[in-house]
Amino acid sequence: MNRCRYCGKEIRGTSDFCGQSCETYYQEAVEKDRRKIPYFIVGMGVGFLVLLCGVLLQIDWVLGAGIAFMGLVTFILPFTTPETTALLGYQKAKILGRVLGVLLIGVGIWLAR
Ligand SMILES: [Zn+2]
């Protein structure tokens, strides 16, 4: 079963999209994402460094802050992988990314208590 790569609707045949509008939206969204990738990488790098400091110094709230920061980056810039996009469609993959971001923030705050 094929699914529209943008909205996730099931489609017959070998097409990647259910219609021309979804294909256009998808390409615009992917292009916008592509330009944000450097921010995502920097944000994740900063979060990871903070996390690493927390681990090395054994300070729980620093570790929690690092995880929460990475969650925040994931929430603001929820990048979709080709796998999740193929499985769920672009829109649902974005929502999933946001949910994961919120979960990470929750874990970070929980660790930082
Ligand atoms: Zn569609």
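In the predicted model, Gly13 is exposed, because 6 other C-beta atoms lie within 10 Å and the exposed class takes in residues with 12 or fewer. Gly13 is found in the loop that runs between β2 (10-11) and α1 (20-57).

The secondary structure of the chain consists of four helices and two strands. In sequence order, these elements give the pattern β-β-α-α-α-α. The C-alpha trace spans about 55 × 25 × 15 Å along its principal axes. The radius of gyration of the chain is 17 Å, whereas a value near 13 Å would apply to a compact globule of 113 residues. Buried residues make up 27% of the 113 residues of the chain. Among contacts with a separation of 6 or more, 51% are accounted for by residues 24 or more positions apart.

Helix α2 covers residues 60-76, 17 residues in total. The distance from the first C-alpha of α2 to its last is 24 Å, close to the 24 Å expected at 1.5 Å a residue. The buried residues of α2 are Leu63, Gly64, Ala65, Gly66, Ile67, Ala68, Phe69, Met70, Gly71, Val73 and Thr74.

Terms used: Residues numbered from 1 in each chain as written. Predicted model: local features only at pLDDT ≥ 70, side-chain atom pairs only at ≥ 80, totals over all residues. Rg over C-alpha atoms; globule rule 2.2 N^0.38 Å. Buried ≥ 20, exposed ≤ 12 C-beta atoms within 10 Å, placed from the backbone. Contact = placed C-beta atoms within 7 Å. Expected span 1.5 Å × (residues − 1).
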